Amino acid sequence: MATIVTAIIRPHSLDTVKDALKAAGVTGITITEAKGFGRQGGHTETYRGSEYTVEFLPKIKLEAIVPDDDAASVAQTIADAARTGNIGDGKIWTLPVGSLLRIRTGELGDEAV
Amino acid sequence: MRFKMLLGGGLVAAVLLLGALPALAQEGDTTVDVTVVEAELVERFTGTAADIAQTVILDNIFIFIAGVLVFFMQAGFALLAVGLTRAKNSANMMMKSLMDAALGVLVFGLVGWGLAYPGFVGGWFGFAGWGVPGLMDRLPDLSALGPDFYPLSVSTDFFFQAAFAATAATIVAGAVAERTKFVSYLIYTVLITGLIYPVVVSWKWGGGWLDERGFVDFAGSGLVHLTGGIAALMGAIILGPRIGKFGADGKPRAIPAHSIPLALTGVMILFIGFFGFNPGSALKADMSVPVIAVLTLFAACAGATGALISSWVLLKKPDVSMAGNGLLAGLVSICAVVDTVDVVPALIIGFVAGIVVVPAALLLERAFKVDDPVGAVAVHAVSGFWGLIAAGLFTIDEGLFEGGGTELLVTQVLGALAIIAWVAVTTGILFGGMKAIGILRVSPAEELEGLDLSEHGAPGYSDDVLAGMGEELLVSTKG
């Protein structure tokens, strides 16, 4: 049936990733502004002479529901578009979708992708 | 004669024409004696009744507009304080800024005015009575008509001075932000606008002992800013720091601003407001006004530049809010002497204030462990003090560096110390008393939750992303 591809990417990579996904024929994505830490950790900022650590860095969480057969190539497309080679580029994972329903039409399963 | 007619038309017309005089003289069809024009400009209340009436009206309307600009500073102080603190206290911060002006004006009118202008000569403390006598009189006191005539009606005077009282009161709001109970802030407002500030004003502007000694404080580096700054310092000390400001090791921790754009907009509004504060303090619309405005401008710019440099050197980065503090430090420091100072000293006064404001703010926090979220003490107390000392150094003909010896400088130091002592003792009793009976500070739980909810019941910013999009789902009909 369908697979959900979830990616955590840098906020400034979003435009490139979105364009690449559209070019690859993905019909819809959902994004969420997210915060977190990984190997990159936080960073320090200075305010009125006092340093402080920002532990959670802003990221974009991107989700796309695609046919099972396309999942690997969509993940690869995201990875290619989001890669800078520096620490903090993010991660991509996939999960099988249990059920799918398009609200407007009531279509179910593959038809709703 | 063409020129005479225009002069009758008002001071502004005469002033404009002054610029055109050489051209007129060259044309040869009108002879104008420049010394006569000069005399008319200096001796402002001469000529026909119409001439005098025009001058009086111009003076009153100008001071009214200057007063509007000073009231606009309330918006500047509010935005500066709300921007440099956290979003969870934003409604409380704005409410304090609103009410210190609203309540402050009423209290200043009820009792402050009589204390500030008791009608004494050389006194320390006097009271002319409740309210503002003569407030409804449309005309100034015409009995003293002559070259030294005081042209402002009581209502013009009160409007302008009430704006200053509100300014002195609101300086404290930022320093005591994010932890002071709303009710104790209201009590403080009543005391500073009803007693503490008016008594200081009476010493100089009310004709009291400092005025008799020749103390210089043109627009209020000392009377307004040092007064507000010392009250801010006492409040911040007695309240203690915000939860989390100092780590277990005693080192200060950053509690970052929630909106630098709001804070810097506030600084820029204050910048504009000071062009009412300083030029308006001439209390007349004469040709000193543009000069005062330019010297105010220079001191402000030099102050921002000074803080830019010292923050860059001391903090490794050009700190945004420190540069804002620097601009204000320049403005505060030049108030005292802006009517009797030269260009270069004005630049020096502002620049030094800007340089000093950064280490002053850091020292207060690091060495004395005082938590002043917006830098009010460094800006108003330190720069206000410096402004008074600078007047002793740079006042034309009277300052130490202007060939006047040490007499004025000694008077300035004396005045500054007297203001510090009076304000420190009275606000010390005030804040200490409120602390003793347990109404000064909110509980730790309330402080962590934010004063918006605990004090006012609703946040400054609704954080629900659906607000305005699905109200029928969000608004409960409880009660």
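In which sense, left-handed or right-handed, does helix 1 of chain A pass helix 2 of chain A? The crossing of helix 1 of chain A with helix 2 of chain A is right-handed; a crossing is left-handed if the near helix is turned anticlockwise from the far one by less than a right angle, and right-handed if clockwise.

## Basis of the model

This is a predicted model, in which local features need pLDDT of at least 70, side-chain atom pairs count only at pLDDT 80 or more, and totals for chains, interfaces and linings use all residues. Residues are numbered from 1 along each chain as its sequence is written, while chains are lettered from A and ligands numbered from 1 in the order in which they are written.

## Helix pair in chain A

Two packed helices are described by the angle between their axes and the distance between the axes. For helix 1 (residues 14-23) and helix 2 (residues 71-82) of chain A, the axes come within 8 Å and cross at roughly 145°. Axes are lines fitted to C-alpha atoms, for helices over the stretch in contact, and angles run from 0 to 180 degrees between N-to-C directions. Helices (H or I, at least four residues) and strands (E, at least two) are DSSP runs, numbered from the N terminus.

Helix 1 of chain A contributes A:Thr16, A:Val17, A:Ala20 and A:Leu21 to the contact, and helix 2 of chain A contributes A:Val74, A:Thr77, A:Ile78, A:Asp80, A:Ala81 and A:Ala82. Two residues are in contact if their C-beta atoms, placed from the backbone, lie within 7 Å. By class, this contact of helix 1 with helix 2 of chain A has 7 nonpolar, 2 polar and 1 charged residues. Here Ala, Val, Leu, Ile, Met, Phe, Trp, Tyr, Cys and Pro count as nonpolar, Asp, Glu, Lys and Arg as charged, and the others, Gly among them, as polar.

Chain B has 18 helices and 0 strands. Of its 479 residues, 51% are buried. A residue is buried if 20 or more other C-beta atoms lie within 10 Å of its own, exposed if 12 or fewer, and partly exposed in between, with C-beta atoms placed from the backbone. Among contacts in chain B with a separation of 6 or more, 75% join residues 24 or more positions apart. In helix 6 (residues 154-175) of chain B, 20 of the 22 residues are buried. The end C-alpha atoms of helix 6 are 33 Å apart, which agrees with the 32 Å that its 22 residues should span at 1.5 Å a residue; the expected span is 1.5 Å times one less than the number of residues.

The largest nonpolar core has 141 residues, and those with the most contacts inside it are B:Ala81, B:Ala232, B:Val337, B:Val357 and B:Val377. Helix 13 (residues 343-366) of chain B gives this core its largest share, 15 residues. Apart from it lies another core, of 14 residues, including A:Ala7, A:Ile9, A:Ala64 and A:Ile78. A nonpolar core is a set of buried Ala, Val, Leu, Ile, Met, Phe, Trp, Tyr and Cys residues joined through C-beta atoms within 7 Å. Leaving aside neighbours within four places in sequence, B:Val337 is in contact with B:Val216, B:Phe218, B:Ala390, B:Ala391, B:Phe394 and B:Thr395.

Between the chains, 12 residues of chain B are in contact with 7 residues of chain A. Helix 12 (320-334) and helix 13 of chain B each supply at least two residues of the side of chain B that touches chain A. That side comprises 8 nonpolar, 1 polar and 3 charged residues.

## Positive phi and local sites

Most residues other than glycine have a negative phi. A:Arg48 has a positive phi of about 45° although it is not a glycine. A:Arg48 lies in the loop between strand 3 (43-47) and strand 4 (50-54) of chain A, and is buried because 25 other C-beta atoms lie within 10 Å. Phi of B:Asp397 is also positive, near 75°. B:Asp397 lies in the loop between helix 14 (376-394) and helix 15 (407-436) of chain B, and is exposed, with 9 other C-beta atoms within 10 Å.

B:Leu409 is found in helix 15 of chain B and counts as buried, with 21 C-beta neighbours inside 10 Å. Leaving aside neighbours within four places in sequence, B:Leu409 is in contact with B:Gly392, B:Leu393 and B:Leu400.
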